Amino acid sequence: MPIHDFKSQRLYLDHPLGEGTAIELDRSQANYLISVLRLKSGAQLLVFNGRDGEWRAQFEVTGRKSGTLTPFEQTRLQPPANDLVYCFAPLRQARQDYMIQKAVEMGAGVLQPVITQHTQVHKVNLQRMQANAIEAAEQCGILCIPDCREALPLETLLEQWNGKRILIFADEAAAEINPLEVLKACRGSPLGLLVGPEGGFSQAEREQLASFENAVTISLGPRILRADTAGVAALAVTQAACGDW
Ligand code: SAH
């Protein structure tokens with residue numbers, strides 16, 4: 001684990017970051033720092049924008065709901081983006097928020113909603129997905145904001161799939177074989193992961209995925225997990241067996 005300051009407040013700013021250039025905060029961010037965190041002029045915090053690494057910045061209050069942040073020291077360089085493509089059937093709001101935050105913490109680099117036959121939620125609010133991804137990145141020290149993509153039907157996802165990338169498919173009906181063993185074969189390959197909706201996969205989809213040559217089917221054990229739990233479990237075994245753990 002790189003040395004990393006967990007104690008300082010971290011803030012995502014959608015702004016180029018460079019030494020000595022004061023950034024005017026938008027109203028809601030200024031309000032958050034002044035009224036929620038109760039920061040005063042001179043306070044220091046860490047800022048990042050997903051492109052320019054992480055910087056220590058000094059806060060100045062310029063009005064009741066306005067302020068600036070001036071980066072003065074780079075604390076970490078921008079790392080390369082995570083390559084793991086996390087494909088998931090969208091869930092209802094609170095579970096979806098949870099799942100997005102956890103997926104980011106677990107190292108997903110792309111968040112790809114997928115509509116399957118039993119998916120109940122068809123509309124995905126990209127802005128909300130992005131806000132959750134940013135919140136998780138702020139919290140756990142990640143400097144790359146995952147790429148939040150528009151939802152695709154499963155069929156299209158498979159048609160457009162990059163032939164070099166393995167698609168790890170968490171199938172609730174798979175034979176119970178330890179996934180850590182199965183996934184050893186995926187080391188070194190670019191990876192994607194697919195977790196189904198609360199209603200599970202249809203038999204037709206299961207067959208389609210079984211015959212998809214890039215797919216590797218895994219079981220997550222003898223219990224049926226809820227989709228959000230399955231996402232975290234699948235990401236954990238993937239990272240442990242053939243990812244960046
Ligand atoms: N309603 C379905 C379960 C769906 S669980 C049923 O009762 O069978 C939602 C998703 O989580 C599944 O589509 C799968 O991707 C994943 N999942 C849950 N439990 C799993 C397990 N034991 N093994 C593999 N994947 C699992």
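These legends describe close-up views of a predicted model.

Residues are numbered from 1 along each chain as its sequence is written. The model is predicted, so local features need pLDDT of at least 70 and side-chain atom pairs count only at pLDDT 80 or more, while totals for chains, interfaces and linings use all residues; side-chain values use heavy atoms, with hydrogens and water left out.

**Figure 1. Overview of the protein, with seven helices and 12 strands.** Helices (H or I, at least four residues) and strands (E, at least two) are DSSP runs, numbered from the N terminus. The C-alpha trace spans about 60 × 35 × 30 Å along its principal axes. Of the 245 residues, 47% are buried. Buried means under 20% relative accessible area, exposed over 50%, and partly exposed in between (1.4 Å probe, protein chains only). Among contacts with a separation of 6 or more, 73% join residues 24 or more positions apart. A contact means heavy atoms within 4.5 Å.

**Figure 2. Helix α2 against helix α3.** Two packed helices are described by the angle between their axes and the distance between the axes. Helix α2 covers residues 93-105, and helix α3 covers residues 126-140. Their axes come within 8 Å and cross at roughly 45°. Axes are lines fitted to C-alpha atoms, for helices over the stretch in contact, and angles run from 0 to 180 degrees between N-to-C directions. The two helices are therefore oblique to each other. Angles under 35 degrees count as roughly parallel, over 145 as roughly antiparallel, 65 to 115 as roughly perpendicular and the rest as oblique. The crossing of α2 past α3 is right-handed. Right-handed means that the near helix is turned clockwise from the far one by less than a right angle; anticlockwise is left-handed. From α2, the contact takes in Gln93, Gln96, Asp97, Ile100, Gln101, Val104 and Glu105. From α3 come Arg128, Met129, Asn132, Ala133, Glu135, Ala136, Ala137 and Cys140. By class, the contact has seven nonpolar, four polar and four charged residues. Ala, Val, Leu, Ile, Met, Phe, Trp, Tyr, Cys and Pro count as nonpolar, Asp, Glu, Lys and Arg as charged, and the others, Gly among them, as polar.

**Figure 3. Helix α2 against helix α7.** These axes lie 9 Å apart, at an angle of about 5°. Helices α2 and α7 are therefore roughly parallel to each other. On the α2 side, the residues are Arg95, Tyr98, Met99, Lys102 and Ala103. They meet Ala227, Asp228, Val232 and Leu235 of α7. This contact divides into six nonpolar, no polar and three charged residues.

**Figure 4. The salt bridge between Asp228 and Arg95.** A salt bridge is a side-chain nitrogen of Lys or Arg within 4 Å of a carboxyl oxygen of Asp or Glu. Here the closest N and O atoms are 2.8 Å apart. Asp228 sits in helix α7 (residues 227-242) and Arg95 in helix α2, 133 residues apart. Asp228 is buried, at 6% relative accessibility. Arg95 is partly exposed, at 29%. Besides Arg95, Asp228 touches Leu91, Tyr98 and Met99, not counting residues up to four places away in sequence.

**Figure 5. The salt bridge between Asp171 and Arg206.** The closest N and O atoms of this pair are 2.8 Å apart. Asp171 lies in the loop between β10 (166-170) and α5 (179-183). Arg206 belongs to helix α6 (residues 203-210). Elsewhere, salt bridges with shared partners join Arg95, Glu198, Arg226 and Asp228 into one network. The structure holds 14 salt bridges.

**Figure 6. The salt bridge between Asp14 and Arg51.** The N to O distance between these side chains is 4.0 Å. Asp14 lies in the loop between β1 (10-12) and β2 (23-24), and Arg51 in the loop between β3 (44-48) and β4 (54-63), so the pair ties together parts 37 residues apart in sequence. Asp14 is exposed, with a relative accessible area of 60%. Arg51 is partly exposed, at 45%.

**Figure 7. Glu176 in the loop between β10 and α5.** Glu176 is exposed, with a relative accessible area of 56%. It touches Ser219, Gly221 and Pro222, not counting residues up to four places away in sequence. Glu176 and Tyr32 are 48 Å apart in space, C-alpha to C-alpha, and 144 residues apart in sequence.
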